[in-house]
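User: I have a predicted model to look at and would like to go through it with you. Could we start with how the helices are arranged?

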Amino acid sequence: MIKITDSINVYQSERNLVNSTIIRANEDIIVVDTQQSPEDIQHLNSLVKQKGVDYIINTHYHSDHCYGNPVLISDKTKVIGYVDGINTLLRERNMLRSKRTVEKKKLKVVSPTITFDDNYSLSQYNIEIMHTPGHSPDSSVVLLKDKRILIAGDTVLNGPGITLPYYYWDNPHSLLESLTKIKELSIETIIPGHGQPVGIGFLELGITYLENSISQAEYLLSIDRKIDLESFINELKIDSVLPNIKESDLWVPKMHELNLQRLFMLLKAER
């Protein structure tokens with residue numbers, strides 16, 4: 001458990017450092033993201049089941065952030081998520097299980113009872129939910145305005161070492177725009193989707209990474225339209241995009257390579 005304030009705590013899984021935020025607002029309980037593994041879901045549920053959860057907010061529908069929904073809900077629980085969020089989970093499941101197609105009706109998750117396509121307010125708690133695509137098409141953040149706290153989901157990541165913005169499931173241009181928008185908010189603490197809370201200055205490295213990746217990739221394709229993916233990745237090693245940073249500095253080095261695969265595909269499609 002990570003204590004943020006007397007009324008806000010984060011349960012973090014040991015594996016992959018997945019964060020679920022528990023907000024106690026007067027007599028109500030709001031949970032943002034609900035874990036993936038049965039052990040973590042049960043542990044999270046044990047923290048809130050006595051009073052029951054009034055709202056579940058899913059920052060996005062990747063399995064590590066929403067699989068606990070069916071366990072945590074009760075008759076009073078409302079689930080809030082982006083309008084097309086379930087399609088994110090369907091895409092993830094079908095990409096990871098390529099030999100067996102998954103149908104939407106067979107997804108093991110509770111669909112939102114409240115959906116939004118831009119922003120959504122829980123005004124009684126002074127909470128604003130904002131759509132911030134880039135990590136995934138449905139990615140959103142939760143702003144606790146009076147606390148100056150942002151629960152960012154995977155729009156912001158902070159594992160041990162250097163953690164890169166991860167856009168393999170969506171688009172680097174959208175993620176850059178989302179991080180720039182977050183940077184302009186009046187906030188002091190960001191609770192990332194994975195890892196320890198950070199301050200607003202943490203966003204600078206991620207913004208630089210995205211800007212450099214996009215500009216260098218566009219230049220590379222402008223001088224060599226026939227470049228293949230392997231050469232593209234070799235030309236854009238992490239120390240090219242972020243000088244003085246080595247691959248060994250990264251939390252998950254594979255993230256950079258997967259990002260480049262996505263960027264290559266997007267730029268090729270534009271030409």
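**Helices and sheets**

Analyst: Helices H6 and H9 are oblique to each other (under 35 degrees counts as roughly parallel, over 145 as roughly antiparallel, 65 to 115 as roughly perpendicular, and the rest as oblique). This is a predicted model, in which local features need pLDDT of at least 70 and side-chain atom pairs pLDDT 80 or more, while totals for chains, interfaces and linings use all residues. Residues are numbered from 1 along each chain as its sequence is written, and side-chain values use heavy atoms, without hydrogens or water.

User: At what angle do H6 and H9 pack?

Analyst: H6 (residues 203-223) and H9 (residues 254-270) pack at about 50 degrees, and their axes are 11 Å apart. Axes are lines fitted to C-alpha atoms, for helices over the stretch in contact, with angles from 0 to 180 degrees between N-to-C directions. Helices (H or I, at least four residues) and strands (E, at least two) are DSSP runs numbered from the N terminus.

User: Now the sheets. What is the order of the seven strands?

Analyst: The seven strands form an open sheet with mixed pairing, in the order S1-S2-S3-S4-S5-S6-S7. S1 and S7 (114-116) are the edge strands with a single partner each, so one side of each has no neighbour in the sheet. Two strands pair if DSSP finds at least two bridges between them. On average, neighbouring strands of this sheet are turned by 20 degrees against each other, direction ignored.

User: How do S1 and S2 pair?

Analyst: S1 (residues 2-5) and S2 (residues 8-12) are antiparallel over three bridges, and Lys3 stands opposite Asn9 in S2. The two strands form a hairpin with two residues between them.

User: Where does helix H1 lie?

Analyst: H1 (residues 38-48) lies across S2, S3 (19-25) and S4, and runs at about 10 degrees to S3. S4 (residues 28-32) in turn pairs with S5 in the parallel sense over three bridges, where Ile30 has Tyr55 as its bridge partner in S5.

User: Which ring pairs with Tyr55?

Analyst: The structure holds five aromatic pairs. In one of them, the ring centres of Tyr55 and Tyr125 are 5.9 Å apart and the planes stand at 80 degrees, so the pair is edge-to-face. Rings of Phe, Tyr and Trp (its six-membered ring) pair if their centres lie within 6.5 Å; planes under 30 degrees apart are stacked, over 60 edge-to-face and the rest tilted. Tyr55 belongs to S5 (residues 55-57) and Tyr125 to the loop between S8 and S9, 70 residues apart, and the pair links these distant parts of the chain.

User: How do S8 and S9 pair?

Analyst: S8 and S9 (residues 127-131) are antiparallel over four bridges, and Ser121 stands opposite Glu128 in S9.

Note on methods: Contact = heavy atoms within 4.5 Å.
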